[in-house]
Amino acid sequence: SNPADIQVNIITFYYKEAEATINYVPVGGGKVDPEKEIVKVVSGNITGSVATANDGYEFVGWFDNASCDGTPISTNAYYIPEKQGELWTDATYYAKFEEILVSVYYEAGVGGKVSVTSETVGKATGTFDGSSASAYSGYTFIGWYCDGEIVSTVANFTPSIADAGKTFVAMFEENTATINYAVVGPDGTVDYDGKADYGEIT
């Protein structure tokens with residue numbers, strides 16, 4: 001046949017590279033950014049995600065399981081996953097957050113006692129129950145003090161979360177007694193000021 005009559009067909013194949021989805025999920029009181037990345041399985045690059053704790057919480061670490069069991073795979077808030085093998089595959093990573101615990105302390109000065117000596121609660125969701133001051137016999141409660149300053153004159157005192165870390169001291173003072181002296185003179189006059197009207201003494 002004539003070479004000029006030969007028809008050559010060129011077939012071009014186009015391949016679309018597969019993609020994988022990387023999810024980032026916050027667990028507890030915090031957020032992650034971004035929450036998802038879609039990456040080409042061979043040539044793609046991962047940018048990672050940043051974990052940020054809400055007020056009253058702290059970041060614990062990144063985990064590869066939803067219950068956040070075991071040792072975290074990273075304790076750095078900015079986490080960049082590594083490729084497992086030669087290809088990126090679908091994966092989910094979990095950023096765990098825990099509520100911060102805070103405490104207050106109560107002490108009694110001389111002459112009384114307090115019902116509670118300390119409390120520990122969650123900074124974000126907790127509230128302090130407070131403590132009650134009681135005076136011993138012969139004493140009177142005068143107030144709750146913190147760093148030398150009086151903060152309350154009510155025996156049942158409840159601090160706020162903003163007071164976390166402080167120590168409150170219930171102060172008491174010893175009661176005093178007034179003694180009156182009565183002098184009865186010959187004429188029956190009684191003077192409670194310690195003086196008696198006797199008239200002229202001979």
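Me: What percentage of the 202 residues of the chain count as buried?
Reply: The model is predicted, so local features need pLDDT of at least 70 and side-chain atom pairs count only at pLDDT 80 or more, while totals for chains, interfaces and linings use all residues. Residues are numbered from 1 along each chain as its sequence is written, and side-chain values use heavy atoms, without hydrogens and water. A residue is buried under 20% relative accessible area, exposed over 50% and partly exposed in between, with a 1.4 Å probe and protein chains only. Of the 202 residues, the buried share is 28%.

Me: How many helices and strands does the chain have?
Reply: Helices (H or I, at least four residues) and strands (E, at least two) are DSSP runs, numbered from the N terminus. The chain comes to zero helices and 17 strands.

Me: How many aromatic pairs are there?
Reply: Rings of Phe, Tyr and Trp (its six-membered ring) pair if their centres lie within 6.5 Å; planes under 30 degrees apart are stacked, over 60 edge-to-face, and the rest tilted. By this rule the count is eleven.

Me: Which kind of aromatic pair do Tyr 79 and Tyr 93 form?
Reply: The ring centres of Tyr 79 and Tyr 93 are 5.3 Å apart, with 65° between the planes. Tyr 79 lies in strand β6 (residues 78-79) and Tyr 93 in strand β7 (residues 91-99), so the pair ties together parts 14 residues apart in sequence. Tyr 79 is buried at 11% relative accessibility, and Tyr 93 is buried at 10%. The pair is edge-to-face.
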